[in-house]
Amino acid sequence: MKKILLFGALLGVLSSCSEFMKESSQDLMIPKSVKDYKEFLYGEGLANGTDLTPYLELMSDDVVDVVDQCPIVNDWREKMWGYYTWQQNPELDVLNTQQDDKAWDRYYHKVLIANIIIDAVPDAEGSDAEKNDLYGEAYFLRALSYYMLVNLYGEPYDEATAASAKGVPVNLEATVQNVQFARASVEAVYGQIESDLQASIRHFKQAGIEKTIFRPNLATSYLMASRVALVMKNWDHTIKYADSVEMVSSAGLYDLNSFSGDKTFLNRQNPELLFSYGGFSLHDYIKNYSNWTAAYMPSPELMGLYEKGEEAEGEEEGPAAGRDLRLDHFYTMVECWAVNYQCPFKYYGSDYNIYPQVFRLAEAYLNRAEAYAESGNTAGAVADLNALRRNRFTSGYELPAGLSREETIARVRDERRMELAFEGFRWFDLRRWGCPKIEHVYTDVNNPVSGQTYVLEAGSVSYTLPIPRSELDKNLVIENINRPVSNPK
């Protein structure tokens, strides 16, 4: 069976290729129609394979390690040790073995896919509506890819320093070039992201095609634009784009009081899902804890934020009063050596025909609430938080009246941390909130009551990842981030 491989020989945007797409090949088919390019964009651009950033949660304060008191059979911590302890070269694991960071190459591959499709659309076979829809998807893919790249490998966004801060290379060419690219500024990268999102929104509007949750769509682009505006502290735009998500989407918040069955939170019946994509690897490192195991787990600090409510009396009394139902539906409880551990359980494998990386309506509420709070509209922020909490609590969801601006901001940040836990937001949020100090203990497998403490200092340059070794080996002009050595305290 012929496949639309077209760029299977391309290993990255900075690679070179002398013979590109020979028409005589029996294994390649040159796309001609919009349908061909949409299939190609989905397979190569949105590839629902392995998660590209399995380390993202492990660098944050939402994770701790746990070691069983039995002899260890499986130590799931080892490969990601360099990220968990913020090493100068995090690609080296605890055994000094290289664990290649694939995000750089794969996201630049997605950029190249988007570039080629954007260049090819005018000559593709299809209606104007179909072409506009394809344009919308390609511009969205490029914006999302650059957003991930600059937040992984670029310095945190700060309007005062963005023009000189180190971003990532920007390449809009539709052909593979034998060129070594230097970093663009953070300001330039965000300018490109904004431009792409505006183009995506414009084309999706012109297309007017109804989409499934497995394709980028108008609501997705508005939500992405709200996310970017939030990073840039453009509160008015954050609010405007969040409003637009609600206006163009038929999605509604998922009332956990009506949650039934053995489904995970991210399932096809969840009405607030706007877009589902990506791959499964989080559970390779944050495990359902069991005997004879060492693993990463949700931190007590995170779990302590969820309100447990009052205990119900008797089995027929129903749910506990005022309980945060996210405790029950975002996590699963496991017990080991009389200790209870909560494990992330928003999704589990592909049993429910859903992918773990999602865009969903709850983020629009949280983005808008933060923008309201930061700009002094505490009533607007509390209203958005209460609207979300109404769908997450058994009762008693309303926040206290008369909160100050600072108290409201703190509430928004806590609510965001709880709601979006293990969906890839926390590390990026910490970066935009000033890069606070974090401590991680790497527990001794031979003595589970002791371990080595590693500290990520406030404002540390280690909030930015170094460029992967595979890229540095072939790009001699790009400047790397000079991260400090991370030794235990």
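Guide: Helix α10 (residues 361-374) packs with helix α11 (residues 378-389) at an angle of about 160°, and their axes are 7 Å apart. Since angles over 145 degrees count that way, α10 is roughly antiparallel to α11. Keep in mind that this is a predicted model.

Visitor: Is the crossing of α10 and α11 left-handed or right-handed?

Guide: Left-handed. On the α10 side the contact is made by A362, Y365, L366, R368, A369, Y372 and A373. The α11 side brings T378, G380, A381, D384, L385, A387 and L388.

Visitor: OK, next pair. At what angle do α6 and α10 cross?

Guide: Roughly 30°, with the axes of α10 and helix α6 (residues 218-231) coming within 10 Å. The cut-off for roughly parallel is under 35 degrees, and α6 and α10 are therefore roughly parallel to each other. The crossing of α6 past α10 is left-handed.

Visitor: Which residues make that contact between α6 and α10?

Guide: From α6 you have L223, S226, R227 and L230, and from α10 there are E363, A364, N367, E370 and A371. Sorted by class, the contact of α6 with α10 has four nonpolar, two polar and three charged residues.

Visitor: Switching topic: which residues of α1 are buried?

Guide: In helix α1 (residues 34-45), the buried ones are V34, D36, Y37, K38, F40, L41, E44 and G45.

Visitor: And what covers the buried residues of α1?

Guide: The cover includes α3 (103-120) and α4 (128-153).

Visitor: Is N96 buried or exposed?

Guide: N96 has 58% relative accessibility, so it counts as exposed; the cut-off is over 50%.

Visitor: What about phi at C435?

Guide: C435 has a positive phi too, about 55°, and is not a glycine. C435 is in the loop between α13 (426-432) and β8 (438-444).

Visitor: Buried or exposed, that C435?

Guide: Buried, because its relative accessibility is 7%, and buried means under 20%.

Conventions: Residues numbered from 1 in each chain as written. Predicted model: local features only at pLDDT ≥ 70, side-chain atom pairs only at ≥ 80, totals over all residues. Heavy atoms only, no water. Axes fitted to C-alpha atoms, helices over the stretch in contact; angles between N-to-C directions. Helix = DSSP H or I, 4+ residues; strand = E, 2+ residues; numbered from the N terminus. Parallel < 35°, antiparallel > 145°, perpendicular 65-115°, else oblique. Left-handed = near helix turned anticlockwise from the far one by under 90°. Contact = heavy atoms within 4.5 Å. Nonpolar A, V, L, I, M, F, W, Y, C, P; charged D, E, K, R; others polar. Buried < 20%, exposed > 50% of the residue type's maximum accessible area, 1.4 Å probe, protein only.
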